[in-house]
Amino acid sequence: MHCRSRRPPAVVIRLAAFSRACRGSGGGSICTAVIVAGLLLAFGGGQLRDQTSPAEAQSAPTGGVAAACVVAPRPNSLWSLAQCCARDLKSNPGCRYYNQADEFIILKDNSRKKPAAYLIIPTAKLTGIEDRQIFAPPFADFWAYGWQQAQTYVKKPAAETALAINSIVGRTQNQLHIHIACVRPDVAQALARNEAKIGADPATALQLKLGPDNHIYRVIRVPGLTAADSPYNLVAAMPGARADMADQSVAVIGSTTPGSYYVLETYAHGTNPGSAEELLDQSCGR
């Protein structure tokens with residue numbers, strides 16, 4: 001096997017030729033100064049630069065090309081997408097945002113029926129509303145994070161914005177996800193009509209028939225979405241809910257009062273699949 005020595009950069013070859021010619025003509029110190037200046041320009045202040053040829057540059061990794069995301073089939077599609085988006089937002093067209101500190105990503109819903117809908121998904125493994133991790137940070141505060149992200153992606157007034165999580169019966173994925181979109185106008189109107197009757201105590205929540213199928217929802221109004229006011233904690237405090245969290249479905253809808261939110265709960269039973277997502281307008285009137 002023959003070892004071939006690396007050819008000196010072209011600029012060095014040219015400077016060497018200049019040096020021989022210049023000194024041969026008696027240039028002396030002027031030649032030396034010119035050569036030193038040339039070397040400094042070529043090597044960036046004394047540190048040799050890797051002078052890659054155009055052909056080498058085209059084949060070298062640029063760092064801007066992400067590995068394609070391999071999306072698992074249901075019910076694990078969202079779990080694989082959460083991992084892909086956390087690794088590189090360029091890995092899938094649906095990836096929008098990754099928050100490493102609070103362990104979530106924002107994903108554009110790819111359903112053609114949901115052109116204005118997004119999802120907030122944890123990057124840790126949580127199966128759904130039945131997972132006990134929902135009561136611990138940072139997951140307990142995902143409603144607040146989702147609401148903040150709705151201002152960026154849905155871009156609607158609070159009273160037109162809604163979030164929802166479905167029950168274990170009403171979902172198709174086994175990775176927790178909260179839907180982010182608009183509220184159905186009829187639902188917003190019903191809440192506004194009953195605003196004076198809606199209190200803050202989960203034990204005495206007002207019951208309303210809402211949505212396209214008039215399912216019964218228990219409704220309360222709260223001043224925040226974190227800590228004790230996390231909708232997970234509030235729903236768990238409703239009679240009969242904590243022992244049956246898998247069947248619970250929750251929605252959060254803004255009100256016309258700044259900093260005030262409606263928390264709504266229904267559950268899977270009979271013909272009700274426990275899908276609070278039904279309260280959302282995921283086209284936002286488009």
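C284 is buried in this predicted model, since its relative accessible area is 16% and the cut-off for buried is under 20%. Its partner is C182: the two form a disulfide, with sulfur atoms 2.0 Å apart. At 100° about the S-S bond, the link of C182 and C284 is right-handed. C182 sits in strand 5 (residues 178-183) and C284 in the segment after strand 10 (280-281), so this bond ties together parts that are 102 residues apart in sequence. C182 is buried as well, because its relative accessibility is 4%.

How many disulfides turn up across the whole structure? A search finds 3. Another one joins C69 and C84, whose sulfur atoms are 2.1 Å apart. C69 belongs to the loop between helix 3 (54-59) and helix 4 (77-87), while C84 is in helix 4, and the two are 15 residues apart. This link is right-handed, with 85° about the S-S bond, and both C69 and C84 are buried.

The S to S distance for C85 and C95 is 2.0 Å. Here the torsion about the S-S bond is about -80°, so the link is left-handed. C85 and C95 are both buried.

Now over to helix 5, which covers residues 142-153. Its 12 residues reach 16 Å from first C-alpha to last, close to the 16 Å expected at 1.5 Å a residue. The buried residues of helix 5 include F142, W143, Y145 and W147. After helix 5 comes K155, with a positive phi near 60°.

How values were computed:
Residues numbered from 1 in each chain as written. Predicted model: local features only at pLDDT ≥ 70, side-chain atom pairs only at ≥ 80, totals over all residues. Heavy atoms only, no water. Helix = DSSP H or I, 4+ residues; strand = E, 2+ residues; numbered from the N terminus. Expected span 1.5 Å × (residues − 1). Buried < 20%, exposed > 50% of the residue type's maximum accessible area, 1.4 Å probe, protein only. Disulfide = S-S within 2.5 Å.
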